[in-house]
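Morning, everyone. Let me put the structure up, and then I'll walk through it.

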Amino acid sequence: MTEPNTIRDAIQQAIDEHPVILFMKGTPDQPACGFSARTVAALQDLGAPFAAVDVLPDPRIRQELSAISDWPTIPQLFVDRELVGGCDIVTEMYQSGELAQALGVEQPEGVEAPSGEDAAPRPMGIENRLG
Amino acid sequence: MPQAEELKRRIETAIPGSAADVVDLTGGGDHFRATVTSPAFEGKSRIEQHRLVYDVFGDEVGGPIHALSITTKATA
């Protein structure tokens with residue numbers, strides 16, 4: 001007997017049900033990764049409501065999400081069931097005004113990158129500081 | 001451990017006519033930023049352009065390559 005793929009179904013359902021949904025590491029209030037934090041900052045700066053899913057509690061979430069989206073990294077932003085991109089694309093689109101357009105909100109005046117245009121998206125964490 | 005030079009070479013080998021600039025963001029050999037210019041990106045969406053770069057490394061992204069930040073530019 002084949003197990004129904006409940007995790008994949010749940011992810012697909014979440015994508016279908018939320019016009020703007022972000023799969024991320026951690027939560028919008030407590031992002032657990034610099035890339036997720038930058039993506040949340042762009043969305044929050046535009047004042048666009050979005051749903052968020054933390055992929056960390058179960059590694060299968062990330063695995064199944066990448067299988068659905070054909071995109072290897074986290075975060076992943078979906079708008080109207082379409083993958084918009086990860087941190088790099090969302091940040092580029094935020095700066096160019098395309099993100100506001102995609103979300104159907106006003107671009108704030110004098111918009112700049114959430115943490116500086118050319119700042120490297122330096123990942124948070126301590127794992128690399130000892131090497 | 002993957003090195004920036006190795007990643008650059010692999011991208012340039014795999015994507016026709018591309019020029020890649022790869023930086024090791026942390027010096028730890030697992031967080032990289034790649035800026036890739038190629039005529040192969042012409043007419044493709046950002047998602048498709050970035051997928052071309054991710055596809056060079058397959059499962060290594062998320063594995064030994066913990067993070068790969070990508071900027072793509074189409075050139076003729």
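Start with the hairpin of β1(B) and β2(B). Between its strands lie 6 residues, and one of them, Gly27(B), has a positive phi near 80°. A word on conventions before I go on. This is a predicted model, where local features need pLDDT of at least 70 and side-chain atom pairs count only at pLDDT 80 or more, while totals for chains, interfaces and linings use all residues. Residues are numbered from 1 along each chain as its sequence is written, chains are lettered from A and ligands numbered from 1 in the order in which they are written, and side-chain values use heavy atoms, with hydrogens and water left out. Helices (H or I, at least four residues) and strands (E, at least two) are DSSP runs, numbered from the N terminus.

β1(B) and β2(B) are paired antiparallel over 6 bridges. Two strands pair if DSSP finds at least two bridges between them. Asp24(B) has Phe32(B) as its bridge partner in β2(B).

Now the next strand over. β2(B), residues 31-38, pairs with β3(B) in the parallel sense, over 8 bridges. His31(B) sits opposite Ala67(B) in β3(B). Further along, Thr37(B) is opposite Lys73(B).

Chain B has an open sheet of 3 strands, ordered β1-β2-β3, with mixed pairing. The edges are β1 (19-24) and β3 (67-74) of chain B; each has a single partner strand, so one side of each has no neighbour in the sheet. From one strand to the next, the twist averages 15°. Angles here run from 0 to 180 degrees between N-to-C directions, and axes are lines fitted to C-alpha atoms, for helices over the stretch in contact.

What lies across this sheet? Helix α1 of chain B, residues 4-14, lies across β1, β2 and β3 of chain B. The angle between α1(B) and β1(B) is about 155°.

Over to chain A. Its open sheet has 4 strands in the order β2-β1-β3-β4, again with mixed pairing. Here β2 (51-54) and β4 (82-85) of chain A are the edges, with a single partner strand each, so one side of each is without a neighbour in the sheet. The twist averages 25° from one strand to the next. Inside the sheet, β1 (residues 20-24) and β3 (residues 76-79) of chain A run antiparallel, joined by 4 bridges. Phe23(A) has Gln76(A) as its bridge partner in β3(A). Helix α2(A) packs on this sheet and touches β1 and β3 of chain A, at about 160° to the direction of β1(A). Contact means heavy atoms within 4.5 Å.

Next, helix packing. Two packed helices are described by the angle between their axes and the distance between the axes. Take α2(A), residues 34-46, against α4(A): the axes come within 9 Å and cross at roughly 30°. That makes α2(A) roughly parallel to α4(A), a label for angles under 35 degrees. The crossing of these two is left-handed, meaning the near helix is turned anticlockwise from the far one by less than a right angle; right-handed is clockwise. On the α2(A) side, the contact includes Phe35(A), Ala42(A) and Asp45(A); on the α4(A) side, Val90(A) and Tyr94(A) are among the residues.

At 42% relative accessibility, Asp45(A) counts as partly exposed. Its C-alpha atom is 9.4 Å from that of Tyr94(A), 49 residues apart along the chain.

How buried is α4(A)? Of its 10 residues, 7 are buried, so α4(A) is largely enclosed by the rest of the structure. Buried means under 20% relative accessible area, exposed over 50%, partly exposed in between (1.4 Å probe, protein chains only). Among the buried residues are Cys87(A), Ile89(A) and Met93(A). The cover includes α2, β3, β4 and α5 (98-103) of chain A, together with α2 and β3 of chain B. Just after α4(A), Gly97(A) takes a positive phi of about 95°.

Last, the helix pair between chains. α4(A), residues 87-96, packs with α2(B), residues 46-57, at about 145°, the axes 11 Å apart. This crossing is right-handed. Asp88(A), Ile89(A), Glu92(A) and Met93(A) meet Arg46(B), Ile47(B) and His50(B).

Technical notes. Parallel < 35°, antiparallel > 145°, perpendicular 65-115°, else oblique.
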